[in-house]
Amino acid sequence: MRSPDEATIVLVEDDPNIADLVDMYLRKDGYRVYQAADGETGLKLAKDHRPCMVILDIGLPGGMDGLTVCRELRAVSDVPIIFLTARDDEIDRIIGLEMGSDDYVTKPFSPRELMARVRAVMRRVEGSGTTAMSPVLAVGSVEVDTARREVRLDGGQVALTVREFDLLQFLTENQGLALSRRQLLDGVWGYDWIGDERTVDVHVLQLRKKLGDALPLTTVRGVGYRLG
């Protein structure tokens, strides 16, 4: 399969007014945009064009909503996904993050806010391959290969989303330190990220599910988390 197109974004949104507005801002930022108004079409576009990002509405018409599209994509790809949700519903946000989305924006939203989220995610993706530290970091039997963006457990590869990998890398680079949720958000999501600090908890839960007891990640009461 060919590598993801660095200038292509698939936008899956059934409201034509929102879709066209977001499309315009993305194109002004230099992206090629493929639009879909339903989940089936959006999934096909994402598989056909291998975009650098998918922006995905949760509440899509038909038999395939945004959560289902996300699940299908995560089975075959680690492409960054930003969810659009019609209401500030914590359940939607948590389910979306647990299924592997990298961020979310609640409607109504400013196009500039969405573009800030897009740029923040892309900065993490584009800058993640460079580090002054060893390209392979280790904690217990878990290895974090920062150059290849791979995580290995007992020699086998473990699939993580972009944000899960970034969080694990940041924790591994700061082993032994008790880090607050705010410090983790600033270090992984970026200083310009706006949202609920419990987003960190959801991603920590996913890391624990995928790596189990092999990951010595401790909850520090009243502070946040410590690795090692």
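Figure 1. Leucine 114 is a residue of helix H5, and the model in which it is shown here is a predicted one. With a relative accessibility of 1%, leucine 114 counts as buried. Leaving aside residues up to four places away in sequence, leucine 114 touches Val22, Ile55, Ile82, Leu84, Val105 and Phe109. One of these residues, isoleucine 55, is 59 residues apart from leucine 114 along the chain, and the C-alpha atoms of the two are separated by 9.7 Å.

**Figure 2. The protein chain as a whole, as a setting for the close-up views.** The protein chain contains eight helices and twelve strands. Its radius of gyration is 17 Å, close to the 17 Å that the globule rule gives for 228 residues, so the protein chain is as compact as a globular protein of that length. Taken along the principal axes, the box filled by the C-alpha atoms of the protein chain is roughly 50 × 40 × 30 Å. Of the 228 residues in the protein chain, 49% are buried. Among the contacts in the protein chain with a separation of 6 or more, 59% are accounted for by residues 24 or more positions apart.

**Figure 3. The open sheet of strands E6, E7, E8 and E9.** Four strands make up this open sheet, in the order E6-E7-E8-E9, and their pairing is antiparallel. Strand E6 (136–139) and strand E9 (156–158) stand at the edges and have a single partner strand each, so one side of each is left without a neighbour in the sheet. On average, and with direction ignored, neighbouring strands of this sheet are turned by 30 degrees against each other. Helix H6, which spans residues 162–173, packs on the sheet and touches E6, E7 and E8, and the direction of helix H6 makes about 110 degrees with that of E7.

Figure 4. Strands E6 and E7 run antiparallel and are joined by four bridges. Valine 139 has valine 142 as its bridge partner in E7, and the bridge partner of valine 136 in E7 is aspartate 145. The hairpin has two residues between the strands, and in this hairpin glycine 140 takes a positive phi near 65 degrees. In a regular strand the side chains alternate between the two faces of the sheet.

**Figure 5. The packing of helix H6 against helix H8.** Two packed helices are described by the angle between their axes and the distance between the axes. For H6 and helix H8 (residues 198–211), the angle is about 85 degrees and the axes are 10 Å apart. At that angle H6 is roughly perpendicular to H8. On the side of H6 the contact is made by Arg163, Glu164, Leu167, Leu168 and Leu171, and on the side of H8 by His203, Val204, Gln206, Leu207, Lys210 and Leu211. Sorted by class, the contact of H6 with H8 has six nonpolar, two polar and three charged residues.

**Figure 6. Helix H7 and the glycine that follows.** Helix H7 covers residues 181–189, and within this helix Leu184, Leu185, Asp186, Val188 and Trp189 are buried. Glycine 190 follows H7 and has a positive phi, near 105 degrees.

Figure 7. The peptide bond from lysine 107 to proline 108 is cis, and its omega is near -5 degrees. Proline 108 is found in the loop between strand E5 (103–106) and helix H5 (111–127). Arginine 50, although not a glycine, has a positive phi of about 45 degrees, and the loop that holds arginine 50 lies between helix H2 (39–49) and strand E3 (51–57). Arginine 149 is likewise not a glycine, yet has a positive phi of about 55 degrees. The place of arginine 149 is in the loop between strand E7 (142–145) and strand E8 (150–153), and with a relative accessibility of 26% arginine 149 counts as partly exposed.

Note on methods. Residues are numbered from 1 along each chain as its sequence is written. This is a predicted model: local features need pLDDT of at least 70, side-chain atom pairs count only at pLDDT 80 or more; totals for chains, interfaces and linings use all residues. Side-chain values use heavy atoms; hydrogens and water are left out. Buried means under 20% relative accessible area, exposed over 50%, partly exposed in between (1.4 Å probe, protein chains only). Two strands pair if DSSP finds at least two bridges between them. Axes are lines fitted to C-alpha atoms, for helices over the stretch in contact, and angles run from 0 to 180 degrees between N-to-C directions. Contact means heavy atoms within 4.5 Å. Angles under 35 degrees count as roughly parallel, over 145 as roughly antiparallel, 65 to 115 as roughly perpendicular and the rest as oblique. Ala, Val, Leu, Ile, Met, Phe, Trp, Tyr, Cys and Pro count as nonpolar, Asp, Glu, Lys and Arg as charged, and the others, Gly among them, as polar. The radius of gyration is taken over C-alpha atoms; the globule rule is 2.2 Å times the number of residues to the power 0.38.
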